[in-house]
Protein chains: 2
Amino acid sequence: MKELKEKIERDGLAVGTGILKVDSFLNHQIDVEFLEKVGENFALRFKDCKIDKILTVEASGIAVACIAAKNLDYPKVLFAKKTEPNTMVEDCYLSEVVSFTKKNKSLIRIAKQYLKAGEKVLILDDFMAHGEAALGMVDLVEQAGAEVAGIGIVIEKKFQGGGDKIRKAGYKLESLAMIKEIKDGKVEFC
Amino acid sequence: MKELKEKIERDGLAVGTGILKVDSFLNHQIDVEFLEKVGENFALRFKDCKIDKILTVEASGIAVACIAAKNLDYPKVLFAKKTEPNTMVEDCYLSEVVSFTKKNKSLIRIAKQYLKAGEKVLILDDFMAHGEAALGMVDLVEQAGAEVAGIGIVIEKKFQGGGDKIRKAGYKLESLAMIKEIKDGKVEFC
């Protein structure tokens, strides 16, 4: 997606050799007008898939998923939680995820009642690095007996291998921007 | 907002005497099509306010803020973070918040570069109980020398006093549904 690459080049901040900060439009401040284009692009790429539900994980993924939902005939958006609030007392599906940016392990969870066997699920997220979050969501979907219709990622850091792992496993993965390398404060796209 | 009250009555779950679970459309699963109406309603209530930016706090607030932004000519949405990722190295404004649902204290934070002195800020959030999260966001806005244009809440649990505290302090607070009491599994609106 051309506008996304331009936006990353203009507003993103490459840190060291692994981190790209896009806090100005995606991960802290959100440019909703721009995200509408991201949502349209996802809708185009998944137009041939039947989608009953969108699954994402808090926090930034929520913005991406909600805005994309509009372009996909409003399937419900379900966001996996990273902590257990005391209002979440139901039976949950759990999956362990290692966070690349936070350097910790955590459990992501969804209440069983919101994902049913046979549903076709589009997984959407802001970033993919080692693929841990996406694989955790795939695990949640499959625990429910539901089906992964596809996985859409705004920015894939291809050099960290998550995307290749997921493609090799046979899932339809669409990344709107793929990064080959981050080096000397510069981002090189695939 | 009539449709919201109906939705709460139909899909909400009152727990004990203090908790209303709306996980089916707002706090876990998100009904984006319905939230569009919530966004339109906020836009109507704040149509006379100049708004440069929307501030919310992760996680559910992000959905509300992003969808409302569309109806308010796309001000940027900034979401306060509850944890410090290792990609957030800049100077931050911090404020301490007690969570009613999670029964803990936490620091919410925004990077200084995304909120500037003089900006008019609309604070949006999903719930208001004791008003801690909203007051934390007011504190962040005022630390930045910016100005609170208004505060919009989807569901205010009026009996927990947060809203009255904020109105008394002189802020323009608009709640789309106000709950007088939660008792015996029933919600009574004001």
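How many bridges join strand β4 of chain B to β5(B), and do the two run parallel or antiparallel? Five bridges join them, and the strands run parallel. (Strands here are DSSP runs of E with at least two residues, and helices are runs of H or I with at least four, both numbered from the N terminus; two strands count as paired if DSSP finds at least two bridges between them.) The model is a predicted one, where local features need pLDDT of at least 70 and side-chain atom pairs count only at pLDDT 80 or more, while totals for chains, interfaces and linings use all residues. Residues are numbered from 1 along each chain as its sequence is written, chains are lettered from A and ligands numbered from 1 in the order in which they are written, and side-chain values use heavy atoms, with hydrogens and water left out.

Back to β4(B), which spans residues 53-57. B:K53 stands opposite B:K76 in β5(B). With β8(B), residues 120-128, strand β4(B) also pairs in the parallel sense, this time over three bridges, and there B:I54 has B:L122 as its bridge partner.

Strand β5(B) takes up residues 76-80, and four of its five residues are buried, meaning under 20% relative accessible area with a 1.4 Å probe and protein chains only. Chain A reaches this strand as well: β3(A), residues 29-30, is joined to β5(B) by two bridges and runs antiparallel to it. Seen as a whole, the open sheet has seven strands, ordered β3(A)-β5(B)-β4(B)-β8(B)-β9(B)-β10(B)-β11(B), with mixed pairing. Its edges are β3 of chain A and β11 of chain B (186-189), each pairing on one side only.

As for chain A overall, five helices and eleven strands turn up. Its radius of gyration is 16 Å, which agrees with the value near 16 Å for a compact globule of 190 residues (taken over C-alpha atoms; the rule is 2.2 Å times the number of residues to the power 0.38). Buried residues account for 57% of the 190 in chain A. Among its contacts (heavy atoms within 4.5 Å) between residues at least 6 apart in sequence, 62% join residues at least 24 apart.

Technical notes. Buried means under 20% relative accessible area, exposed over 50%, partly exposed in between (1.4 Å probe, protein chains only).
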